[in-house]
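Here is a short briefing on one structure. Take a look at it first, then work through the points below.

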Amino acid sequence: MKKKIIIVDDERDIRRTVKQILEKENYEIFTAVNGEDLFKKLERITPDLILLDIMMPGMTTSQIIEKLRDNKKTRNIRIIYLTVVQVSEMEKIKILKSKNIEDYIQKPFDINDLKKRIRKALR
Amino acid sequence: MENLGEVLEVNDVILVKIKSDVYTKNIKEIAKILSSKNKLLFITLNKSSDSLISSFKKYKINVGNIYFLDAITRTFTKPRRIKNSTFVRSPQALTEIGIEFTKIIKKFKPDCIVFDSLSTLIIYEDDIRTGLNRFITSIINKALRNNLKIIFFCLKSDENSRLIKNISIVAEKIINI
């Protein structure tokens with residue numbers, strides 16, 4: 001069975017590009033434009049992984065993470081941050097210690113690196 | 001790039017439009033120039049203040065002369081306490097940014113303000129449209145009342161957006177990089 005991934009990003013180009021890349025890797029891909037849209041989609045899909053942007057209108061990332069953790073159905077879904085936001089190495093280490101946060105990938109990303117890190121997160 | 005020092009002598013509100021491939025490098029260059037002689041308030045909406053401090057130090061920028069108003073870190077993590085950094089809830093929290101801006105001006109007494117970036121505000125424009133013009137006007141007015149220079153950054157690719165066009169009208173000097 002194909003692993004399911006939801007890409008959450010307000011930029012259509014990013015959603016489209018990453019979807020194309022990952023569909024070629026045999027994942028089943030869904031997309032959402034922001035936090036509210038993500039939770040609508042989660043009513044009918046349980047993904048194996050969420051690729052989550054940080055800078056989006058609407059719900060902040062912290063609010064999204066908190067809401068995911070508040071729900072038994074979604075609290076164990078793995079998450080990778082895929083974002084243009086620049087953080088320090090110490091912040092990255094701290095973020096990756098959080099439950100279910102598998103990786104922090106900064107845009108612009110290398111396609112092969114993205115694929116490798118997603119494979120690792122889904123092992 | 002034009003001589004920033006000279007530009008600052010005669011202009012109080014400056015808009016700097018930077019191409020994306022040279023954006024990061026030029027932010028550091030400008031921060032280096034400004035902080036060498038001025039106390040700088042750096043408002044960041046897309047880079048954590050922790051990461052800016054690390055990268056500025058590597059670039060030999062005098063971070064002791066910089067106060068960070070960080071509007072992004074709290075959106076995804078609990079920030080650690082950093083000297084000369086204030087954290088607000090999010091880039092959309094314009095009232096909170098405005099309040100902290102006023103406090104920092106009084107406490108830190110900067111000579112110059114850097115706003116990084118207007119392009120980030122565009123992401124949130126639909127959510128904060130009604131407050132956005134008021135917010136920008138407010139911080140420009142506060143800066144001018146306190147005899148401070150203010151420099152807005154944006155991506156060159158966003159120059160045709162409504163927000164950037166509005167700022168272009170009020171900016172005394174526009175620099176294209």
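How many bridges join strand β5 (residues 112-116) of chain B to β6(B), and do they run parallel or antiparallel? There are 4 bridges, and the two strands run parallel. Keep in mind that this is a predicted model.

- In chain B, 7 strands form an open sheet. Their order is β4-β3-β2-β5-β6-β1-β7, and the pairing is parallel.
- Strands of a sheet pair through backbone hydrogen bonds, either parallel or antiparallel.
- The edges are β4 (85-87) and β7 (173-176) of chain B. Each of these strands pairs on one side only.
- From one strand to the next, the twist averages 15°.

**Strand β6 and its neighbors**

- Strand β6 (residues 149-155) of chain B has 7 residues, and 6 of them are buried, so the strand is largely enclosed by the rest of the structure.
- Strand β1 (residues 13-18) of chain B is joined to β6(B) by 6 bridges, and these two strands run parallel.

**A buried cysteine**

- C112(B) is found in strand β5 of chain B.
- Is C112(B) buried or exposed? C112(B) is buried, because 21 other C-beta atoms lie within 10 Å, and 20 or more count as buried.
- Leaving out residues up to four places away in sequence, C112(B) touches L8(B), L34(B), N38(B), L40(B), L148(B), K149(B) and I151(B).
- C112(B) and A143(B) are 31 residues apart along the chain. Their C-alpha atoms are separated by 8.4 Å.

**Helix α4 of chain B**

- Helix α4 (residues 94-108) of chain B has 15 residues. From first C-alpha to last it reaches 20 Å, close to the 21 Å expected at 1.5 Å a residue.
- Which residues of α4(B) are buried? They are L94(B), I97(B) and F101(B).
- An α-helix has 3.6 residues a turn, so residues three or four places apart point the same way.
- The buried residues of α4(B) pack against β3 (66-70) and α6 (125-145) of chain B.
- On the other side of α4(B), the exposed residues are I99(B), K103(B), K106(B) and K107(B).
- Just after the helix α4(B), K109(B) takes a positive phi of about 50°.

**Where the chains meet**

- Chain A has 17 residues in contact with 16 residues of chain B.
- On the side of chain A that touches chain B, the elements that give two or more residues are α3 (61-70) and α4 (89-97) of chain A.
- Of the elements on that side, α4(A) gives the most, with 4 residues.
- The residues of chain A on that side divide into 8 nonpolar, 6 polar and 3 charged.

Technical notes:
Residues are numbered from 1 along each chain as its sequence is written. Chains are lettered from A and ligands numbered from 1 in the order in which they are written. This is a predicted model: local features need pLDDT of at least 70, side-chain atom pairs count only at pLDDT 80 or more; totals for chains, interfaces and linings use all residues. Two residues are in contact if their C-beta atoms, placed from the backbone, lie within 7 Å. Ala, Val, Leu, Ile, Met, Phe, Trp, Tyr, Cys and Pro count as nonpolar, Asp, Glu, Lys and Arg as charged, and the others, Gly among them, as polar. The expected span of a helix is 1.5 Å times one less than its number of residues. A residue is buried if 20 or more other C-beta atoms lie within 10 Å of its own, exposed if 12 or fewer, and partly exposed in between; C-beta atoms are placed from the backbone. Two strands pair if DSSP finds at least two bridges between them. Axes are lines fitted to C-alpha atoms, for helices over the stretch in contact, and angles run from 0 to 180 degrees between N-to-C directions.
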